Amino acid sequence: MNTSDLLLRWPAPASTWNEAAPVGNGRLGAMVFGGAHRSRIQINDSTVWSGTPAGPAKALADVVAAGAGPERLAEVRAALRAGDPHRAEELLMAFEGPYSQEYLPWADLWLTVSGGERATYRGRTLNLDNGLAEDAFELPDGTAVDRRTWADAGTGTLCTDLVAHGGSVDLRLELTSPLKETHRTADGSGLVLGVEIPVDGAPAHEPGVTDPLRYSEGPVDGYDPFGAIALRVETDGEVTADAGALRVTGATRLLAVVASSTAALRHWRGLPAAEDRAGHLDTAAGSAARAAERGAGDLLKAHEADLRGLLGGTSLRIGPRRSGTYDVARDILGGGDELLTATVLFQLGRYLLASASRPHAGPPANLQGIWNADLRPAWSSNYTVNINTQMNYWGAEAAGLSSCHEPLFDLLDRVAANGTDVATRLYGVRGWVAHHNTDMWGWALPVGMGHGAASWAIWQMGGAWLVQHVWDHYEFTQEAAFLRDRAWPLLSGCAEFLLDWLVDDGAGGLDTLPSTSPENHFLTPDGSPASVTRSTAMDMALTRAVLERTLNAAGLLGLDTPLTGRIAETLPKLHAPRIAAGGWLQEWAEDLPEQDPHHRHLSQMVTVHPLGQITPDATPELAAAATALLDRRGPGAMGWSWAWKMALRARLHDADTARSLFDEATRPLAGDPGTDAPVDGSQWGGLLPNLFSTHPPFQIDGNYGFTAALTEMVLQSHTGTVHLLPALPAGWADGQATDLRCRGGLGADFTWRDGELTAVTLRRHAGDDTVPVRIRHRDRTAELRVPAGAAVTLGADLRPRGEARPC
């Protein structure tokens, strides 16, 4: 442990999943419970999803065969033009396919220590800088036991290292799976399980579904839904097989390594599905054995170098310098030190993203990151793309985790491939489309099975919001090859869809028709709620952003195509943001009454964050209307909604309200974490005992969103200016940031004391060093050149201190 590390501490073993500590390497994730007698490590593999690669295409064919398509779309548009939104919603049910598939639990590793039931437990910790979950206990004979668990990215394995001091231990290791086990071998110092993965696991969207999982027990359309889990033990004790488990006696040290192999991983990596079931068993066993042979010391050294290399470059400290071990219940959830809580929550979000989303490891972070113990997880633990998946990655670039963004682009490629067929066959247009949900297989259809509410199921803008992330990645990294090879195909394909999707509004403008504003309703003249209309504010904002960014990308790449000409003709015809009669930012094309003025979604506010189309300086009247909308919606919500409101307030330079939202959001959850339990007057939400954010139940987007929002409070760059401390609350008087990233390939180190900037260093990581950098703090601005690979330090007056120096 380094002296600057942040550690979370719990005095007792976890009694529930919501108390356990998360570790992960982007593919394998685990919840570490700790404990002296029978301890549990619950394991996930990010590629273990129900369903098959052919599922999206089959579902599309079924929906089209049932009557969905361009002709039905024409009927929908006719109903809306006739002023009948209820008829339009009824017709749109035909476009709904099955629900997306679900993310499943994979295995449990159980360690039972003889005599542990009478041991003295010394507590457990999670290190947010090196990813070690540790605990310690003392057996009745005086033997002291230390245990460390980590997820190793280099070997793709999960490792547990146990060391006994002053004696030896006897223990039993078991490996189980909640899925259907079809093979078990335990011999020597290894144990291997073969496991069937369901081909259908998501017949419904709502939490609490009890329908059984459906297994195929063999290949489906050339895909075999199967995987293997292997355990390998290296120890100085004696190892024997015992009823399908491993028994170890007389050990003073033990390394247990878990590895996994799935058919879905081969699919994700674009490999042929040729490996048979025996091959998966061998692959998992071989991976575990090779890692175990390296020994705990070598594995741990490589793991620390990897994770510290990823997490160590960027930091944010609110308040005095923080390091050491903090009791979660007392120091964080106790609410006595909001500055410490802000520092911890910033780093926790970074740690969780680095643990759940790594390049070339597996799919991106889902609704629960990569941690899930439920066979029926809430909302299938899938990718909900009307806010939640996007929020997972809002902080990736600015918080120094650009490489962790890459799995999202891999998923986008799959969604776009499936979404091309959906756009053609459902709507008769070009390009690609995505709706409200997706999954590992790249689902692009609307979901709902013909009874999903149109307010969330019928929304054609999922791709238009997701694709903003490729532009964000380019703006921060300035990687020309990425812009050309990854971003351009996705942006241009989405732009093609939007150009074809727009229809003439009869007054010289263009409409999206049908259109919804997730997940809100308006009231019709007869007082009934409806959700389908035309040209919601969110539709227009996302469409404008995609078209403008596609045009910018074309200019940077030197492209002049018919597509760019169409974009240039279309942009002036898009509806601008409107202000409702009440003074707030309008949600729909008309000033319609809201069914729920306090709705948790703030869909029209994408114009403020993340898109940056409305700012206090450039569009003050619209910014005032956005503030009025936030005031109208009110404070309390669930984790992700709090995080969005924080980021929005930061963009509007409302520091104290952003702080009050953070204080609300970081209270402990009151009541049952599996229910919609109110907490201290707020609608939902709060933090669980392991600091996971909740909807409730647990959703990780709030954790990621807090990191993004805290970054926005101290540094913004979306206007083309590096804006320091744009929303610093009065009570956050002192702090320090290290290498927070800015658009244009820049990084910024800065400190503040008594609310005043003391110094800032700008680093040039990438980008055009001939373009002056504009920097701002309060009413002071400056322009300067930052040479390639160099750093320039400025004082509080924004004047340079000395010459540029190497980064």
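Modeller: Start with one residue in this predicted model. Thr 564 sits in helix H15, which spans residues 562-570.

Biologist: Is Thr 564 buried or exposed?

Modeller: The cut-off for buried is under 20% relative accessible area. Thr 564 has 7%, so Thr 564 counts as buried.

Biologist: Which residues is Thr 564 in contact with, leaving aside neighbours within four places in sequence?

Modeller: Those are Leu 551, Ala 554 and Leu 559.

Biologist: Now the sheets. How do strands of a sheet pair?

Modeller: They pair through backbone hydrogen bonds, either parallel or antiparallel. Take the open sheet with the order E25-E26-E30-E31. Its four strands show mixed pairing.

Biologist: Which strands stand at the edges there?

Modeller: Strand E25 (715-716) and strand E31 (780-784) do. Each has a single partner strand, so one side of each lacks a neighbour in the sheet.

Biologist: In which sense do E26 and E30 pair?

Modeller: Parallel, over four bridges. E26 covers residues 721-724, and E30 covers residues 773-777. Thr 721 stands opposite Arg 774 in E30.

Biologist: What is the order of the open sheet of six strands?

Modeller: The order is E17-E27-E28-E29-E32-E33, and the pairing is antiparallel. Strands E17 (315-318) and E33 (805-806) are at the edges. Each has a single partner strand, so one side of each is left without a neighbour in the sheet.

Biologist: How many bridges join E27 to E28?

Modeller: Six. E27 (residues 735-742) and E28 (residues 746-753) run antiparallel. To see this pair, find Arg 741, which stands opposite Gly 747 in E28.

Terms used
Residues are numbered from 1 along each chain as its sequence is written. This is a predicted model: local features need pLDDT of at least 70, side-chain atom pairs count only at pLDDT 80 or more; totals for chains, interfaces and linings use all residues. Side-chain values use heavy atoms; hydrogens and water are left out. Two strands pair if DSSP finds at least two bridges between them. Helices (H or I, at least four residues) and strands (E, at least two) are DSSP runs, numbered from the N terminus. Buried means under 20% relative accessible area, exposed over 50%, partly exposed in between (1.4 Å probe, protein chains only). Contact means heavy atoms within 4.5 Å.
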